[in-house]
Amino acid sequence: MSLAANVEFLRRLPKLNGFNGFGDFGRSLRPAQGSPLVETTGFGSNPGGLRMFSFVPDHCPPAPALVLVLHGCGQSAAGYDLGAGWSTLAKHYGFALLMPQQQPSNNANGCFNWFTPEDTARDSGEACSIRQMIARMAVDIGIDQRRIFVTGLSAGGAMTSVMLATYPEIFAGGAIIAGLPYGVATNMREALSGMFQSPSRPAGELGDLVRGASGHTGPWPKLSVWHGSADRTVNPANADEIVKQWLDVHQLPSAPMSESTVDGYPRQVWWNADGETTVESYTITDMAHGTPLGVGDNDERYGAQGAFLIEAGISSSYHIANFFGLTNWIRQSKEAAKAAAQETAKQAAKTAAAASPVPERAPDLTKVLWPLTTLKRASEPPPQPRRRGIDVGGVITRALTAAGLMK
């Protein structure tokens, strides 16, 4: 490091007393009361000494998807879940949730150790502990092994980079919020440099760090990157470095293939040869360090404001779940119910029509009226009570109401 960088490092030390990842970030957050998360013990050798929390909604579909969520420094699994709204999303869209939690004995500030070699290598330390938690979830609830995803904030975002690099064959996708690329730090000084300065590296060098972490040759997980442009804790340039790293892994060009605005914020997109979105990047203009909160496309609000959980008018949790393809489940269920109700109504209409008496053709009045004026009509039997016809409209209405499509 340069002399200037060392001076800056020493200047920051009083503020980073006991630094173990991101200083006092998030220390003010309190664990959530009445959290739906349940702790599981005995999930393996647990070399990283982490705690395992999870949530499985009551009405999960068979073989649900699994989302692994990694909290930031000073946060708990329950506290971050409350703030980011992941268990609410899980209940709404029918997927399982896994939320590891750091322990003070491992890191005084509650940060995942995203920069220590023993915790960021495959089958070692905290990365291995998290892998064992996923295996336990697979045994306990039979998750869909093709739909396992990971996301995290800050130190949890940096640890998301670790999991995607060290176990790419496990994850279908990931989302990094205010994090760092994989492999840019192996000690505290390098971690500080990456956080505050984020020196630029060649794309091939960054990609090699990921390729060398597991020996995997693909297919690789897709990735969503989120960062506030006014972040003073983790330099926003880290988002560019993360994107650069994974574009190289996916062998995609550096120029975005599409640029648009979502809820007022710029989004860049890259897709693969099949036209599937592979890498996306959101820049949350003028937002500081944290997870952006807002209302999803379904007009539901997820999460609650708190330390480093920032109201920004865009719900990162919802958009990440959508990027993972998890919001399709409830849509498909509703469409299936609607189609079934329509078919029921159609069959009811056919049944009603078949049961109704076929009306006779009306007589030609020009041929029958005049004889009746001159001839005495024979006595006729007393009129029979008319058969009541089936209310076809009522049958259809009751069918739609039973299907929940009409009140």
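Is threonine 327 buried or exposed? Select this residue first, bearing in mind that the model in your viewer is a predicted one. Threonine 327 is buried, since its relative accessible area is 0%, and buried here means under 20%.

**Around threonine 327**

With threonine 327 still selected, colour the chain by secondary structure, and you will find the residue in the loop that runs between helix 9 (316–323) and helix 10 (328–355). Now show the side chain of asparagine 322, which is joined to the side chain of threonine 327 by a polar contact of 2.7 Å. If neighbours within four places in sequence are left aside, the residues in contact with threonine 327 are Tyr93, Tyr318, Ala321 and Asn322.

**The tyrosine cluster**

Select Tyr93, Tyr302 and Tyr318 together, because ring pairs link these three residues into a cluster. The count of aromatic pairs in the model comes to eight. Take tyrosine 93 and tyrosine 318 to begin with: their ring centres are 6.5 Å apart and their planes stand at 50°, so this pair is tilted. Tyrosine 93 belongs to helix 3 (residues 86–93) and tyrosine 318 to helix 9, so the pair ties together parts of the chain that are 225 residues apart in sequence. Tyrosine 93 counts as buried at 4% relative accessibility, and tyrosine 318 is buried as well, with a relative accessible area of 0%.

Turn next to tyrosine 302 and tyrosine 318, whose ring centres are 6.3 Å apart and whose planes lie at 5°, so that this pair is stacked. Here tyrosine 302 sits in the loop between strand 11 (291–293) and strand 12 (309–311), while tyrosine 318 is in helix 9, and the pair, 16 residues apart, links distant parts of the chain. Tyrosine 302 is also buried, with a relative accessible area of 2%.

**Helix 4 against helix 5**

For the last stop, select helix 4 (residues 125–141) and helix 5 (residues 155–166), whose axes come within 10 Å and cross at roughly 75°. The two helices, helix 4 and helix 5, are therefore roughly perpendicular to each other, as angles of 65 to 115 degrees are classed in that way. To see where they meet, display Glu126, Ala127, Ile130 and Arg131 in helix 4 together with Met159, Val162, Met163 and Thr166 in helix 5. Coloured by residue type, the contact of helix 4 with helix 5 divides into five nonpolar residues, one polar and two charged.

Technical notes. Residues are numbered from 1 along each chain as its sequence is written. This is a predicted model: local features need pLDDT of at least 70, side-chain atom pairs count only at pLDDT 80 or more; totals for chains, interfaces and linings use all residues. Side-chain values use heavy atoms; hydrogens and water are left out. Axes are lines fitted to C-alpha atoms, for helices over the stretch in contact, and angles run from 0 to 180 degrees between N-to-C directions. Helices (H or I, at least four residues) and strands (E, at least two) are DSSP runs, numbered from the N terminus. Angles under 35 degrees count as roughly parallel, over 145 as roughly antiparallel, 65 to 115 as roughly perpendicular and the rest as oblique. Contact means heavy atoms within 4.5 Å. Ala, Val, Leu, Ile, Met, Phe, Trp, Tyr, Cys and Pro count as nonpolar, Asp, Glu, Lys and Arg as charged, and the others, Gly among them, as polar. Buried means under 20% relative accessible area, exposed over 50%, partly exposed in between (1.4 Å probe, protein chains only). A polar contact is a pair of N or O atoms within 3.5 Å; within protein, one must be able to donate a hydrogen and the other to accept it, and residues adjacent in sequence count only if both atoms are side-chain atoms. Rings of Phe, Tyr and Trp (its six-membered ring) pair if their centres lie within 6.5 Å; planes under 30 degrees apart count as stacked, over 60 as edge-to-face and the rest as tilted.
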